Amino acid sequence: APDDAQSGNGLNNASYRAVNVSGPSFDLLLTGQTFRAQPAINAWVAADSSVELINVDIPGTISERFHVARKATDLGGGNWHYEYAVHNMNSDRSGRSFSVDFPAATITNAGARIVNPHSGEPYSTAAWTQTINNTTGAITWETEDFGTNPNANALRWGTMFSFWFDATAAPADAVHKLVLFKPGSPSVVTFDFGGGFIFSDGFEAGNTSSWTATDP
């Protein structure tokens, strides 16, 4: 509700509970307790202690939050397998692009699962475009920008997408970038799993006048 978010309560409106799936009709049977004020992405962390989870907040009058979870598996010989989940908790700005950038790496076996809209929603069901740059060691998934198609298949609120790949680089070397779909400031947030946010927008472009105390 808009008034709830304006009062600073926009980040407590998700809970999760486990279900069992049974029968040919895929009936969902509730089991266990309800984890109140926790989105379902937290269940991955609860089930696997090796999963890392961070909040990616968009600065503004109303708190807007994405959750990003990562599991990195050491395959040996300098090779790693990565699994990511990116959840849009409550951001109307939505997500247009997600990328992982290493100082140097070869990236293979990449893929993504994009949740398509349904039930008469007007949004596109086009898959996100995947781009790998093995010269710089970066991988990016993205959809059309808002100016090109306001109904593009963006990562809208209450939705979670997953991404995976193999890389010849360790997790500590990864820098992540989330580009927002709807126009506004910032248009991009860059972060890692060690120290949180690094910079956004103007600082990345070298325009330090855009780097204020309100930016992460």
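**Overall architecture and local features of the predicted model**

The protein chain contains three helices and 13 strands, where helices (H or I, at least four residues) and strands (E, at least two) are DSSP runs numbered from the N terminus. The structure is a predicted model, in which local features need pLDDT of at least 70 and side-chain atom pairs count only at pLDDT 80 or more, whereas totals for chains, interfaces and linings use all residues. Residues are numbered from 1 along each chain as its sequence is written, and side-chain values use heavy atoms, with hydrogens and water left out.

The mean pLDDT of the protein chain, that is, the predictor's confidence in each residue on a scale from 0 to 100, is 88, and 90% of the residues reach 70 or more. Over residues 196-216, however, pLDDT stays under 50, and for this segment the model has 39 contacts beyond four places in sequence, a contact being defined as heavy atoms within 4.5 Å. Where pLDDT is low, the predicted coordinates should not be read in detail.

Of the 216 residues in the protein chain, 37% are buried; here buried denotes under 20% relative accessible area, exposed over 50%, and partly exposed the range in between, computed with a 1.4 Å probe and with protein chains only. Among the contacts with a separation of 6 or more, 61% are accounted for by residues 24 or more positions apart.

On this surface, V19, V21, F26, L28 and L30 make a nonpolar patch of about 540 Å². Patches are made of residues with over 30% relative accessible area and no salt bridge, like charges being joined within 9 Å and nonpolar side chains (Val, Leu, Ile, Met, Phe, Trp, Tyr) within 5 Å. The elements that give two or more residues to the nonpolar patch are β1 (16-22) and β2 (27-35). V21 is found in strand β1 and, with a relative accessibility of 54%, counts as exposed. F26, another member of the patch, is found in the loop between β1 and β2, where its relative accessibility of 62% likewise places F26 in the exposed class. The backbone at F26 shows a phi near 55°, a positive value in a residue other than glycine.

Five salt bridges are present in the structure, each being a side-chain nitrogen of Lys or Arg within 4 Å of a carboxyl oxygen of Asp or Glu. Side chains of opposite charge can pair when their charged atoms come close. One of these salt bridges joins the side chains of D48 and K71 at 2.9 Å, N to O. Because D48 lies in the loop between α2 (42-47) and β3 (52-58) and K71 lies in strand β4 (residues 64-76), the pair ties together parts that are 23 residues apart in sequence. K71 is partly exposed, with a relative accessible area of 21%.

A salt bridge is also formed by E52 and R70, whose closest N and O atoms are 3.0 Å apart. With E52 in strand β3 and R70 in strand β4, this pair ties together parts that are 18 residues apart in sequence. E52 is partly exposed at a relative accessible area of 29%, whereas R70 counts as buried at 3% relative accessibility. In the salt bridge between R65 and D57, the closest N and O atoms are 2.7 Å apart; R65 counts as buried at 18% relative accessibility, while D57 counts as partly exposed at 27%.

Further backbone features were found elsewhere in the chain. N109, although not a glycine, has a positive phi of about 50°; the residue is placed in strand β7 (residues 107-113) and counts as exposed at 54% relative accessibility. The peptide bond from S185 to P186 is cis, with omega near 0°, and P186 is placed in the loop between β11 (175-180) and β12 (188-191).

Within strand β11, V179 counts as buried at 17% relative accessibility. Leaving aside neighbours within four places in sequence, V179 is in contact with S94, G95, R96, S97, S187 and V188. The C-alpha atoms of V179 and S99, which are 80 residues apart along the chain, are separated by 8.6 Å.

Definitions and conventions
Accessible areas come from the Shrake-Rupley method with a 1.4 Å probe; for residues, only the protein chains shown count as cover.
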